[in-house]
Amino acid sequence: MILAPDLPAPPLPCAVAPGTLAEAVHRFGRDTVAFQSLAPGMRAWSDGAGAWVAFADTGRAWLAVGSPLCAPEETGRVARAFVLAARAAGRRAGFCAVEEFPRDAFFERVPLGRQPVWDPLQWERVLAGRRSLREQIRRARAKGVRARLASAHELGGELGASIAALATKWLAGRRGGALGFLLAVDLFYRPSERLYVVAERGDRLAGVLVAVPVPGRGGWFFEDILRADDAPNGTVEFLVDAAMRRLAGVACGRVTMGLVPLAGPLPHRLRILRRLGHNVYDFEGLRAFRARFAPEAWEPVWFVHPRGTSEIVSLWDVASALTGGHPLRFALRAWTEGKRRRLRRASAG
């Protein structure tokens, strides 16, 4: 059972053209990453008529967060205008983590991977078919783990400090260091609009699941799931179960855990990249973790860029945004740290 206050209420729609990026996100944000348009450090471009694009400037490219925030039938027009604005500023342009984009001769798509999707209303059916998942949840409960929905005002006190410490420790153990852009871990901007499910064991924080809304679909994105080192087995599964049940209780019909990079069918060149990048980023481990929860579908996610732009250059722009402009340095650091860990495990064994 999860004890919880009310979920954040979505803003009411209005007929006036969005005058701010936040208004556009809440009206038109259909991509999983839409809420991340509001993250600190993002820039915003508008066509002056109510359409918005949130983006990161790498110094060489403007990389948009998902599709343009506008009426679906306006997507192509607004996307072309954004590309032209970027070119006027001496930048390339592209749209990251796009799910729905109209066919347009001006653009081409590159697959970035797949994202798993669930209907919380069907969560009981998922559990019925996954004995191992039920057992992990039982283990956490037997060890005294309890879950609850935390309110935003608690984050200013001891709970917020505990969550921040957990995030800091998790990032310190991440191979290669912290990532940026769409993979940055920032748990506290616009907290009143987020969903915080905490797992506690006695008076200690065992884990936290932080979800953000996908307003245009009436869904939620389980953006971050963090577990304390000393948390009992099954804590992560317990958090996911608690969040799914809470969302089912308010008739939410869509949840995702976000993109698994380079998952699913890929062209040959990207299959090579996935194979070469295994020691830098555990693509298969991430896919296997999310598959454990038996998603109902794996949806494709794309990078969209203007025709005539090299695919390699576009992917390099994305990697630069994610690594603060240093993809090779990040890859070398991650590879080196991974090798050290394998040697330590072999020595211990």
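Q: Which ring does the charged end of Arg109 sit over?
A: Happy to start there! This is a predicted model, and in it the charged end of Arg109 sits over the ring of Trp302, with 3.9 Å to the ring's centre. Another such case is Arg194, which lies over the face of Tyr189 at 4.3 Å from the ring centre.

Q: Where does Trp302 belong among the strands, and what stands opposite?
A: Trp302 is in strand 12, and Val98 stands opposite. Strand 12 covers residues 297–306 and runs antiparallel to strand 4, residues 92–98, with two bridges joining them.

Q: How many bridges join strand 5 to strand 12?
A: Ten bridges join these two, which also run antiparallel; strand 5 spans residues 107–118. To find one of the partners, look at Val117: its bridge partner in strand 12 is Ala297. As you trace a strand, keep a general idea in mind: in a regular strand the side chains alternate between the two faces of the sheet.

Q: What describes a pair of aromatic rings?
A: The distance of the centres and the angle of the planes describe such a pair. Rings count as a pair here if their centres lie within 6.5 Å, and the count comes to eleven aromatic pairs. One of them is Phe101 with Phe107: they are 5.3 Å apart, centre to centre, with 80 degrees between the planes, an edge-to-face pair.

Q: Are Phe101 and Phe107 buried or exposed?
A: Both Phe101 and Phe107 are buried.

Q: Which residues do ring pairs link into a cluster?
A: The cluster holds Trp45, Phe55, Trp62, Phe82, Phe95, Phe101, Phe106 and Phe107.

Technical notes: Residues numbered from 1 in each chain as written. Predicted model: local features only at pLDDT ≥ 70, side-chain atom pairs only at ≥ 80, totals over all residues. Heavy atoms only, no water. Phe/Tyr/Trp six-rings, centres within 6.5 Å; stacked < 30°, edge-to-face > 60°. Buried < 20%, exposed > 50% of the residue type's maximum accessible area, 1.4 Å probe, protein only. Lys NZ or Arg CZ within 6 Å of the ring centre and 35° of its normal. Pairing = 2+ DSSP bridges. Helix = DSSP H or I, 4+ residues; strand = E, 2+ residues; numbered from the N terminus.
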